[in-house]
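Visitor: Could you walk me through this model?
Guide: Gladly; let's look at it together.

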Amino acid sequence: MEYTYVLLPSQFIQLLQSNMQTSGSGYAQLRREFWHTPNFQAMLYRTCRDVDQQLGFEKIITALGWYGLRDRLAASYLGYQRDGQFPHVPDLSLVEDILQLEDKLKTKTVDGYNRAFLLGFYKKMLWYRKKRNTRKLEGEVDELLSSQTYKLLELVKTRTSFIDWLALALEGLGKFEDGERVAQIIKAGGGLVALKKGLGRGQQEQLIRDWVAYGASIGHTEAFSNPTV
């Protein structure tokens, strides 16, 4: 699937890129800056009024935790992207494959960050937009990450909070490069520059287009001026 820009809910996307441990900056931002805004309250009403009709922070977070709230919000946004209207009750089956992706990458990322979930959420939001606009796509998205990408990620020995960018880079390289060559470079400690050397100009441009589309969609444009992966 070619990556293109897709409009994503900005507050939710900010939280998925933040440290959501109870002592983290994202958790504080959720409580102090986002919770009582009209947009966030409207989403809470759609997703959490069964927990607390008053939509109180303490009651909802105590009952669901951040991850339970996150999954409900994501399912509601995905339902809207798929059907053109928000569901009365979030269909949590819509996030099952995203949770599977997140679970597979949990040993490669930093606790408290939700960027693996963010990557899966972006891919599904993009898929549903394309499906609604073209009417040519059938069923659900086949896989959020290829088996080859998972295998390459297993070779990475350090954890990163930017697991989404790392997965995206390895996935893109896997489209053009022999998987064994990429694996050998990773084992030797080579970085992105070494991995890109074997690509033609058109292939490099395609990678950059995909990365720009993703970075713009999640509002992480500083990745291009100050790369961290």
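Visitor: In what order do the elements of the protein chain run from the N terminus on?
Guide: This is a predicted model, where local features need pLDDT of at least 70, side-chain atom pairs count only at pLDDT 80 or more, and totals for chains, interfaces and linings use all residues. Residues are numbered from 1 along each chain as its sequence is written, and side-chain values use heavy atoms, without hydrogens and water. Helices (H or I, at least four residues) and strands (E, at least two) are DSSP runs numbered from the N terminus. The order is α-α-α-α-α-α-α-α-α-α-α.

Visitor: What is the radius of gyration of the protein chain?
Guide: The radius is taken over C-alpha atoms, and the globule rule is 2.2 Å times the number of residues to the power 0.38. For 229 residues that rule gives 17 Å, and the chain comes close to it, so it is as compact as a globular protein of that length. Its value is 18 Å.

Visitor: How many residues of H6 are buried?
Guide: Helix H6 covers residues 115-134. Buried means under 20% relative accessible area (1.4 Å probe, protein chains only). H6 is largely enclosed by the rest of the structure, because the buried count among its 20 residues is 15.

Visitor: How far apart do the centres of the positive and negative side chains lie?
Guide: Lys and Arg count as positive, Asp and Glu as negative, with His and the chain ends not counted. There are 30 positive and 26 negative side chains. The separation of their centres is 3 Å.

How values were computed. The expected span of a helix is 1.5 Å times one less than its number of residues. Buried means under 20% relative accessible area, exposed over 50%, partly exposed in between (1.4 Å probe, protein chains only). The place of a charge is taken as NZ of Lys, CZ of Arg, CG of Asp or CD of Glu.
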